[in-house]
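Reader: I would like a close look at a single part of this model, followed by its setting in the rest of the chain. Please state the cut-offs as you go.

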Amino acid sequence: MWSTLPTEMKLAIVEVLDSDDVKNLSQVNRDTYAACLPSAFKNVKLANLRALQSFVDNVPRSYCRYIHFLELCTENNVRTSDRRSVTDTIISILAASPCIEELVLNTRGSLHHSIIPCFSHLSKLECLSIHNSGPEELKPLSERLVVAIAASVPNLKRLSLDRVSRSLMHAPELSGVPPYVPLVSGDDNIPDHPLLGTDLYLPSLLRLPTLRELIIRDTHLGDPRWASVPVNCKLQVVDLGSCFHENEGFNSVCIQRIMGAVGKTVDEFSLTTAVSDAVFAKPSVTPLQRLRKLHISPFFPVDSVVDTISNLAGSPIESLSMQCYADDVVDVCTALEDFLNMRVERGSGFYEKLARIDVTVTANDASSPLDPDEDAECKEAEQRLKELCRDLRLTSRFTLRLARSAGLVPTRLTSLSDGRVRSMTL
């Protein structure tokens, strides 16, 4: 029966199977194995350098054309390896994978700049994540490299960067002075880019016309050119994290500068620092004229919640979500209650479009569990906030989220249609 089905029907059947079923089905015969290849290699995750090298050595290069999602990690606990050989290994995979739509690069420091040209051929790549898993002081990831890579992707829509280091070439004023921000030297050999020329500093990302979502975390954002570089993109989602080398005040100024530059198209914004500039509170002059969704991270200072939300009153915010750790639940709920009471007192015109408030409690492996009294206090605070939201006809939701590894963004390894896992992990 199976052997008589047309190829198109076999492919449709394989498409709805999970990874184990695809693996078992592929062993029926040669024709079935061929029919299973597109699903078996659609999502590929290579967890370390050894897996990366094994993939290159054992998987036929022609199979790479089936890859739509690819996650690579260059962690290596077995043997030393030079940067050029690691880069060449990655290039060999990318060069054979023209259908990649989403790519996650977890690198230990910078790659060799010879990797840059291969991104210009990835016309289907829309989502790119680059994260540095190495110690920034010893293995920095150059801003010049990541900007050159991002600018080389023809249709890049979503860019996520984590622990990218400033280049000495673009930030000489940071060299040798407190707070001693780690800088990359020796990256002046990265070739000029056809679009950006020598301007391979982080603010040049705003010149990429296709970019719609920008996430930058654990990265120094103090470059003043964020306020002056031409903005050619229409960002809709922005998520900016703090630099732990700098203080809260400095990080706040940096993020507000970027908000002012890109705000006119932004629909969704995530904050880790307080917003103190009153210009964001005035509907007529706020740069965030279209902001509808505001997210506040668990690292946000709780005592600044009310002031920051108030200072963003100039935007038509409809949804407010806060993420916090379990030991901050009471303080967060109290802060949100204070804000909602302020909303009532100020009356019409102050957050009049607000429709929902969500609180996500993020589990933290580093903290000890709450004792029974603390747990009861959290539940009581949660209930008070829910009742207040209900009285004000606001939708509210409390969610418990499991902890995830620090510095890593969750990756999509499931089918968007049915949630089944269809991936190959080495």
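Where in the protein is the place of N251?

Author: N251 has its place in helix α7, which covers residues 248–262. Helices here are DSSP runs of H or I with at least four residues, strands are runs of E with at least two, and both are numbered from the N terminus. The model is a predicted one, in which local features need pLDDT of at least 70 and side-chain atom pairs count only at pLDDT 80 or more, while totals for chains, interfaces and linings use all residues. Residues are numbered from 1 along each chain as its sequence is written, and side-chain values use heavy atoms, with hydrogens and water left out.

N251 counts as buried because its relative accessibility is 7%; the cut-offs are under 20% relative accessible area for buried, over 50% for exposed, and partly exposed in between, with a 1.4 Å probe and protein chains only. Leaving aside residues up to four places away in sequence, N251 touches S242, C243, E246 and T273. A contact of this kind requires heavy atoms within 4.5 Å.

The setting of that helix is a protein with ten helices and 15 strands. Of its 426 residues, 50% count as buried. Among contacts between residues at least 6 apart in sequence, 74% join residues at least 24 apart.

Y180 is in the loop between β6 and β7. P179 has its place in the loop between β6 (166–167) and β7 (183–184), and a cis peptide bond with omega of about 5° joins P178 to P179. As background, most residues other than glycine have a negative phi, and most peptide bonds are trans.

F41 is another buried residue, with a relative accessible area of 8%. It sits in the loop between α3 (30–40) and β1 (43–46).

Salt bridges come next. The whole structure holds 16 of them, each being a side-chain nitrogen of Lys or Arg within 4 Å of a carboxyl oxygen of Asp or Glu. One of them pairs the side chains of E75 and R108 at 3.5 Å, N to O. This pair links distant parts of the chain, 33 residues apart: E75 is in the loop between β2 (69–73) and α5 (83–94), and R108 is in the loop between β3 (102–107) and β4 (127–132). E75 is partly exposed at 21% relative accessibility, and R108 is partly exposed at 36%. In the salt bridge of D199 with R207, the closest N and O atoms are 4.0 Å apart; D199 counts as partly exposed at 27%.

A further bridge joins the side chains of E380 and R384 at 3.7 Å, N to O. Both residues lie in helix α10, four residues apart, or about one turn of the helix. R384 is partly exposed, with 34% relative accessibility. Elsewhere, salt bridges that share partners join E143, R166, D223 and R225 into one network.

Helix α10 (residues 372–391) also supplies the largest share of a negative patch, three residues. That surface patch gathers D327, D331, D371, D373, E374 and E377. Patch members have over 30% relative accessible area and no salt bridge, with like charges joined within 9 Å and nonpolar side chains (Val, Leu, Ile, Met, Phe, Trp, Tyr) within 5 Å. Asp and Glu count as negative and Lys and Arg as positive, with His and the chain ends not counted; the place of a charge is taken as CG of Asp, CD of Glu, NZ of Lys or CZ of Arg. D373 has its place in helix α10 and counts as exposed because its relative accessibility is 65%.

Definitions and conventions: Areas by Shrake-Rupley, 256 points an atom, 1.4 Å probe, with all protein chains shown as cover.
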